[in-house]
Amino acid sequence: MKHQSLFINALKHPSSREEAFARLVSEYKERLYWHIRKIVIDHDDANDVVQNTFIKVHLNIENFKENSTLFTWMYRIATNEALNFIKSKASKMGLQNQEWVEALADGLESDTYFDGDAAALALQKEVARLPEKQRIVFNMKYFDDMNYESISEILDTSVGALKASYHHAVKKIKTKLSDEN
Amino acid sequence: MKIKKQPPFKVPKGYFDTLEEMVLDKTKTNYNAYGFKTPKNYFETLEKKILRKTTGFEKKSKKLFQNAFAATLTAAACLALYFSINTTPNQTIISEKNSEQAFEDFIENYYLEDRDSYDILSLLEETEIETALTFNSKP
């Protein structure tokens with residue numbers, strides 16, 4: 001915790017900010033990218049959102065009150081940015097968020113940056129059909145193996161509600177995939 | 001009897017150079033949902049792009065907000081002038097120091113409202129987006 005405070009101070013101080021921010025980007029770029037990519041699905045969209053997330057972190061670091069860890073704060077920004085992006089894209093296309101995400105997942109077969117097998121593809125399509133919050137919880141728990149406490153901080157949701165969300169998501173996916181086989 | 005201070009065990013040549021890499025490889029969590037890929041060397045270029053943009057964007061966005069704030073401030077000053085003429089003629093409307101503080105408050109509140117950054121981008125002129133925040137579709 002002390003180490004984090006020192007690092008945050010370095011991020012806030014103009015003389016050390018540039019170097020500290022470069023370290024921050026280096027440390028978190030892949031994690032944030034994959035977190036965002038699983039939400040927005042398309043690589044080009046994830047590329048836009050991850051860059052925008054870091055820009056927002058850079059602009060807001062002085063307002064960071066350290067009520068949470070830097071890690072969860074950045075994940076929260078990334079999640080909000082990704083969801084805002086979907087909202088913005090879907091509304092421009094005259095679609096609901098869910099419809100937009102499902103359409104992206106349906107197009108994965110022809111996506112240059114997706115090389116999953118039939119099982120991976122079927123799983124992604126079913127994940128896309130989950131309600132927004134369940135989808136994010138499922139991604140964070142199943143693919144990233146994050147603990148409920150961290151997810152709870154990032155999504156500002158109780159651990160109990162998250163467990164229920166994950167349980168429902170797994171149940172739905174299992175049922176759908178077993179019906180298909 | 002002479003005891004050797006050096007341990008009798010040996011390691012393969014260059015072992016410690018590769019150990020760190022091996023351990024990090026094994027402990028690295030795979031954050032990718034399997035199936036998704038990125039273009040070759042994507043993460044190497046991403047870092048440079050972000051660092052380049054954070055410097056440029058900060059200056060540009062501050063300028064943009066400053067312009068918006070200046071317009072708001074002018075309108076507020078006109079109103080204040082109108083009321084000051086009718087009430088207290090000797091009162092200073094807005095000092096430079098106050099205006100700086102007010103600008104900082106404006107910026108802080110703006111972000112606290114958690115505006116959609118894509119809405120912010122829509123406020124920028126096309127040329128400003130090109131120079132300040134080049135969102136390349138391809139990395």
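Predicted model: local features only at pLDDT ≥ 70, side-chain atom pairs only at ≥ 80, totals over all residues.
1. Start with helix α4(A), residues 70-92. It has 23 residues, and from its first C-alpha to its last it reaches 33 Å, close to the 33 Å expected at 1.5 Å a residue. Just after α4(A), look for Gly94(A), which takes a positive phi of about 70°.

2. Which residues of α4(A) are buried? They are Trp73(A), Met74(A), Tyr75(A), Ile77(A), Ala78(A), Glu81(A), Ala82(A), Phe85(A) and Ile86(A). As you trace them, keep a general point in mind: an α-helix has 3.6 residues a turn, so residues three or four places apart point the same way.

3. Next, turn to α7(A), residues 132-143, and α9(A), residues 159-180. Their axes lie 9 Å apart and the helices pack at an angle of about 90°. An angle from 65 to 115 degrees counts as roughly perpendicular, and α7(A) and α9(A) are therefore described that way. On the α7(A) side, the contact is made by Lys133(A), Gln134(A), Val137(A), Phe138(A) and Lys141(A); on the α9(A) side, by Leu162(A), Ser165(A), Tyr166(A), His168(A) and Ala169(A). Sorted by class, this contact has five nonpolar, three polar and two charged residues.

4. Helix α8(A), residues 148-155, also packs on α9(A): the two axes cross at roughly 105° and come within 9 Å. That makes α8(A) roughly perpendicular to α9(A). Here Tyr148(A), Glu149(A), Ile151(A) and Ser152(A) of α8(A) meet Val159(A), Leu162(A) and Lys163(A) of α9(A). By class, there are four nonpolar, one polar and two charged residues in this contact.

How values were computed:
Residues numbered from 1 in each chain as written. Chains lettered and ligands numbered in written order. Helix = DSSP H or I, 4+ residues; strand = E, 2+ residues; numbered from the N terminus. Expected span 1.5 Å × (residues − 1). Buried ≥ 20, exposed ≤ 12 C-beta atoms within 10 Å, placed from the backbone. Axes fitted to C-alpha atoms, helices over the stretch in contact; angles between N-to-C directions. Parallel < 35°, antiparallel > 145°, perpendicular 65-115°, else oblique. Contact = placed C-beta atoms within 7 Å. Nonpolar A, V, L, I, M, F, W, Y, C, P; charged D, E, K, R; others polar.
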